[in-house]
Amino acid sequence: MVNVRTALFWSLTERYAGLIINLASTMVLARLLTPAQVGVFSLCASLAAVAGILRDFGVSEYLVQERHMTTDKLRAAFGVAILVAWSIGAMILLGRGALAHFYREPGVASVLAVLSLNFLMLPFASPAFAMLTREMAFRKIFFMQITSNTTQAVTAVLLAWHGFGYMSLAWAPVAGIAMQTVLTTLMRPRDSLVLPGWAQARQVLRYGSMFVVSRVIETLTRNAHEFLIARQTGFAAVGLFSRAFGLIELFNSNVTQAVQRVASPVFASQHRSGQALAVSFARSTAIFTSLAFPFCGFIALMAGDIILVLFGRQWLAAAPVARLLAVGLVPFYLVGLAPTLLAATGHIQRRLRITLGYAPVHLVGVFCASFFGLQAVAAVWVLSYSVMMLMYMAQLRTVLQASVGELFKPSVASAAVALLSLAGQALMLAACRYADLPALPTLVAVTLAGATAWLGATRLLHHPVYGELITLLRHRRAI
């Protein structure tokens, strides 16, 4: 198997390169599109995200965790992917008019019609992509994702520049997925190009049904605010909340998902070989939170300057929302790898049980808070993620046969690292405010101060992330 550090290097490199591409395009689009235009697409994207979970039906995760892969199982996964994805795409296409009428916005129908094309193409890419992940071929994935991300970003900017409004955001992912499908077909693993089949479909459906119910509820819960805000407050408010949520999602989409993508085949491989996962999970979580906790502090401290530099003054109302969301994410990141571990080890029913527990808390909270404004909605995340954290801790104790202290004690050092990094950021911010520096140099100075303090804190506290960083740098120099 590919070295885990090498796989993580390529996964993180892909995400950070994607971050640069996405930030550059977002900065341009924020000045070409209004909050209301972004809000229309954001609502449709949330609907597509929920449908996207149904579309995959857990096929990718099934292929990664399956102990004994055969051609029949791969054919069954492909068949299930086509059947489900095309059915969901047809439902979106046929139901787009009713949704547009409900939200009193004709643009919703137009955007959903274009987004439904994704469901036609994705089944041809997802099984082969999952097999690349299973084999930890992250160098190939890096090339594929960067090419498709660039295609999507260029398409969005060019169309927005020529006045396509929210439709530029609709056509962009279609272009990106088309490119990804072509590249996945060309770079697929050996023997992964098969015809759809049904011999092992029952096994795929058994795993997928548990996974998809869990993921749909998770995604719906995570995006419920879009639907409620759009209905009660309007699409401009959706755009502002979406911009704040997108800011704190930078870490999730560019670090969390990169780590989870590598952790999934690693946990699955260790489980298949009968290894104990408690120590591996504890160490991985400590390393992960050493990055996540300081990020939350940075967003909470610098949200206004970040939004002003990246998006412009018309989005400044999103800053208080971003601060609250950053605070709410702290308990989530403590168990950020737990859903991946449960799915990779076949405990998908436990994951579903957790989802069914905290989802009602979040949905009821968001519904009630939507009557009091965007900041009240953001504050709900603190409550619901705390409930989710406690539930995951309880399940992990049973699955890994370890105490909470054994699983999370290494992450206490991550909290200390975050506090020292935040102290460095706060001191530099105070100096910049005293010198009355503009937003951009202030942001650069605070970022550098926080990174320096973080590096010093990890070394001072002998945090495992420092050793991993040194090992990774030495490894890359040797290549």
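## Exercises on buried and exposed residues

With a relative accessible area of 3%, Ala172 is buried, where buried stands for under 20% relative accessible area, exposed for over 50% and partly exposed for the range in between (1.4 Å probe, protein chains only). The model is a predicted one, in which local features need pLDDT of at least 70 and side-chain atom pairs count only at pLDDT 80 or more, while totals for chains, interfaces and linings use all residues. Residues are numbered from 1 along each chain as its sequence is written, and side-chain values use heavy atoms, with hydrogens and water left out.

**Exercise 1. Find the place of Ala172 and list the residues that it touches.**

Solution. Begin with the element: Ala172 belongs to helix H8, residues 166-187, helices being DSSP runs of H or I with at least four residues, numbered from the N terminus. Next take the contacts (heavy atoms within 4.5 Å): leaving aside residues up to four places away in sequence, Ala172 touches Gln152, Thr155 and Ala156. Finally, look at Asn149, which is 23 residues away along the chain and whose C-alpha atom is separated from that of Ala172 by 9.3 Å.

**Exercise 2. Decide whether Val335 is buried or exposed, and say where it lies.**

Solution. Val335 is in the loop between helix H12 (319-334) and helix H13 (338-344). Its relative accessible area is 2%, so Val335 counts as buried. Its contacts, not counting residues up to four places away in sequence, are Met389, Tyr392, Met393 and Phe408. With Phe408, which stands 73 residues apart from Val335 along the chain, the C-alpha separation is 9.2 Å.

**Exercise 3. Explain why helix H5 is described as largely enclosed by the rest of the structure.**

Solution. Helix H5 covers residues 107-121, and because 11 of its 15 residues are buried, it is largely enclosed by the rest of the structure. Among these buried residues are Val108, Val111, Leu112, Leu115, Phe119 and Met121, and also Ser116 and Asn118.

**Exercise 4. Describe the length and the bend of helix H14.**

Solution. Third, the burial: Tyr358 is buried, as are other residues of H14 including Ile354, His362 and Val366.

**Exercise 5. Which residues touch the most other members of the largest nonpolar core?**

Solution. A nonpolar core is a set of buried Ala, Val, Leu, Ile, Met, Phe, Trp, Tyr and Cys residues joined through side-chain atoms within 4.5 Å. The largest has 109 residues, and those touching the most other members are Phe241, Phe281, Ile299, Leu325, Tyr333, Leu341 and Leu400. Its largest share, 16 residues, comes from helix H11 (residues 278-311). Another core, of 11 residues, lies apart from it and includes Ala137, Phe138, Ile141 and Met187.

**Exercise 6. Examine the phi angles of Gln401 and Asp436.**

Solution. Most residues other than glycine have a negative phi. Gln401, however, has a positive phi near 55 degrees; it is found in the loop between helix H15 (374-400) and helix H16 (404-408), and at 68% relative accessibility it counts as exposed. Asp436 also has a positive phi, of about 55 degrees, and lies in the loop between helix H17 (412-434) and helix H18 (439-460), where it is exposed at 66%.

Technical notes: Helices (H or I, at least four residues) and strands (E, at least two) are DSSP runs, numbered from the N terminus. The expected span of a helix is 1.5 Å times one less than its number of residues. The bend at a residue is the angle between axes fitted to the seven residues ending there and the seven starting there.
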